[in-house]
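Welcome, and please take a slow look at the model below before reading on.

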Amino acid sequence: YLSNHTKGRGVDIWSIDGVPVVAASRDPVTSPLRALVVEMVAAGVTEVGSPFDVDGSGGPSFTNVVHQDHLHLAWDD
């Protein structure tokens, strides 16, 4: 597996409006971060890694131990 980062198609975001992603994820129901993740999935971003998964297994949104402190956005070809 070759990361979309190495192909120039990925970006990691560590804070939203000056709030660290790790702090924004503490309340996933009302977090503006959650709304942004939902928006990115709706916009067609093909990889959306964050502290939570908004679309279930197999969708573009995912979470894991690596993505607890940042938002990962990437696009396939």
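Two strands pair if DSSP finds at least two bridges between them. Helices (H or I, at least four residues) and strands (E, at least two) are DSSP runs, numbered from the N terminus. With that in hand, look at strand E4, residues 47-49, which pairs with E5 in the parallel sense over two bridges. Within E5, the residue opposite Gly-49 is Phe-62.

A word on what you are viewing: this is a predicted model, in which local features need pLDDT of at least 70 and side-chain atom pairs count only at pLDDT 80 or more, while totals for chains, interfaces and linings use all residues. Residues are numbered from 1 along each chain as its sequence is written, and side-chain values use heavy atoms, with hydrogens and water left out. Here pLDDT is the predictor's confidence in each residue, from 0 to 100. The chain has a mean pLDDT of 89, and 97% of its residues reach 70 or more. Confidence is highest in E6, at 95, and lowest in helix H1 (residues 21-24), at a mean of 86.

Now step back to the whole chain. It holds two helices and six strands, and from the N terminus on these elements run β-β-β-α-α-β-β-β. The radius of gyration (taken over C-alpha atoms) can be set beside the globule rule, which is 2.2 Å times the number of residues to the power 0.38. For this chain the radius of gyration is 12 Å, close to the 11 Å that the rule gives for 77 residues, so the chain is as compact as a globular protein of that length. Along the principal axes, its C-alpha atoms fill a box of roughly 35 × 25 × 20 Å. Contact means heavy atoms within 4.5 Å. Among contacts between residues at least 6 apart in sequence, 46% join residues at least 24 apart.

E6 has antiparallel pairings to show you. It is joined to E1 by four bridges, the two running antiparallel, and E4 and E6 pair in the antiparallel sense over three bridges. Leu-73 in E6 takes part in both: it is the bridge partner of Val-11 and of Val-48.

What about the inside? Buried means under 20% relative accessible area, exposed over 50%, and partly exposed in between (1.4 Å probe, protein chains only). By this count, 30% of the 77 residues are buried. In a regular strand the side chains alternate between the two faces of the sheet. In E6, Leu-71 and Leu-73 point one way and His-72 and Ala-74 the other way, and all are buried. Leu-73 has a relative accessible area of 6%, and the residues it touches include Arg-9, Met-40 and Val-45, not counting residues up to four places away in sequence.

A nonpolar core is a set of buried Ala, Val, Leu, Ile, Met, Phe, Trp, Tyr and Cys residues joined through side-chain atoms within 4.5 Å. The largest one here has ten residues: Val-21, Ala-24, Leu-33, Val-37, Met-40, Val-45, Val-48, Phe-52, Leu-71 and Leu-73. H1, H2 and E6 are the elements that give two or more residues to this core, and H2 gives the most, with three. Phe-52 sits in the loop between E4 and E5 and is buried, at a relative accessible area of 7%.

Finally, visit a loop residue at the surface. Asp-17 lies in the loop between strand E2 (15-16) and strand E3 (19-20), and counts as exposed at 78% relative accessibility. Most residues other than glycine have a negative phi. Asp-17, although not a glycine, has a positive phi of about 50 degrees.
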